[in-house]
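Below is a short briefing on one chain. Please look at the sequence and the fold, then read the notes by topic.

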Amino acid sequence: MLGAAAAPVTDAVGHLLSAALLRTLPRAAAARPAPGAASSVAAQIGEGRRYVTRHPMVGPCLAMAASVNFACGALMTPTPVFLIRTLGAPPGVVGVLTATEGLGSPLGAALTPRPNSRFGSARALLVAPVVGAAPALLMPPATDGAGLVLFALGDAGFAPPPRCGAPAPHSGRPAR
């Protein structure tokens, strides 16, 4: 494992490598604004805010995503204390266990198409918060040693909600 001094350096090297790789991507042609499109950044932000708050699907999805992200943050705040003080996990194991949260999104993305096609995306979105939160119930009964696998499964399964896509004119615009 890396020491405290080497971790920020490693992180910085990773960011520099990412920047170097991003520079190798081809540049997209500058898009011409549609007639009547918002011209200033403030106008574009206002247009996007109005779209999100008025849309019957995107607004609730945003509210759900914000709520779950808040809950994930609230859950992860006491996690290192629980793992170290209660379960006696060493710091390296704590890092690995908290990193298992990152497995939830790809796992959810892989499992989402089937319920969406079988029940419809609206019904799947109604069930997603319950199904996504249920694995977190595996975390409290975790014990030291092999019982930490319960924590890892609960953390990996406690996934953020599925993302709701916005139509092309309202999707994120890359910075130029």
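This is a predicted model: local features need pLDDT of at least 70, side-chain atom pairs count only at pLDDT 80 or more; totals for chains, interfaces and linings use all residues.

Residues are numbered from 1 along each chain as its sequence is written, and side-chain values use heavy atoms, with hydrogens and water left out.

**Overall fold**

- The chain has nine helices and zero strands (both are DSSP runs, numbered from the N terminus: helices are H or I with at least four residues, strands are E with at least two).
- In sequence order the pattern is α-α-α-α-α-α-α-α-α.
- The chain has 176 residues, and 21% of them count as buried (buried means under 20% relative accessible area, exposed over 50%, partly exposed in between, with a 1.4 Å probe and protein chains only).
- Among contacts with a separation of 6 or more, 66% are between residues 24 or more positions apart (contact means heavy atoms within 4.5 Å).

**Helix α9 and its cover**

- Helix α9 spans residues 148–157 and is mostly covered, with seven of its ten residues buried.
- The buried residues of α9 are L148, F151, A152, G154, D155, A156 and G157.
- Their cover includes α3 (58–76), α4, α5 (91–99), α6 (104–111) and α8 (121–133).
- The axes of α5 and α9 come within 8 Å and cross at roughly 35° (axes are lines fitted to C-alpha atoms, for helices over the stretch in contact, and angles run from 0 to 180 degrees between N-to-C directions).
- On the α5 side of this contact are V93, L97 and T98, and on the α9 side are L148, F151, A152 and D155.
- By class, the contact of α5 with α9 has five nonpolar residues, one polar and one charged (Ala, Val, Leu, Ile, Met, Phe, Trp, Tyr, Cys and Pro count as nonpolar, Asp, Glu, Lys and Arg as charged, and the others, Gly among them, as polar).

- T79 is found in helix α4, residues 79–86.
- Why does T79 count as buried? T79 counts as buried because its relative accessibility is 4%.
- Leaving aside neighbours within four places in sequence, T79 is in contact with T98 and F151.
- The structure holds one aromatic pair (rings of Phe, Tyr and Trp, the last by its six-membered ring, pair if their centres lie within 6.5 Å; planes under 30 degrees apart count as stacked, over 60 as edge-to-face and the rest as tilted).
- The pair is F82 with F151; it is tilted, at 6.4 Å centre to centre and 35° between the planes.
- F82 lies in helix α4 and F151 in helix α9, so the pair ties together parts that are 69 residues apart in sequence.
- F82 is partly exposed, at a relative accessible area of 23%, whereas F151 counts as buried at 1% relative accessibility.

**Nonpolar core**

- The largest nonpolar core has 17 residues (such a core is a set of buried Ala, Val, Leu, Ile, Met, Phe, Trp, Tyr and Cys residues joined through side-chain atoms within 4.5 Å).
- The residues with the most contacts inside this core are L83, L87, A89, L97, L148 and F151.
- Helices α3, α5 and α9 are the elements that give two or more residues to this core, and its largest share, four residues, comes from α3.
- Not counting residues up to four places away in sequence, L83 touches G88, A89, V94, L97, T98, L148 and F151.
- In soluble globular proteins, nonpolar side chains tend to be buried together.

**Helices α7 and α8**

- L125 is placed in helix α8 and counts as buried at 16% relative accessibility.
- P115 lies in helix α7, residues 113–119, and counts as partly exposed at 31% relative accessibility.
- P115 and L125 are ten residues apart in sequence and 9.7 Å apart in space, C-alpha to C-alpha.
- A133 is also found in helix α8, and at 33% relative accessibility A133 counts as partly exposed.
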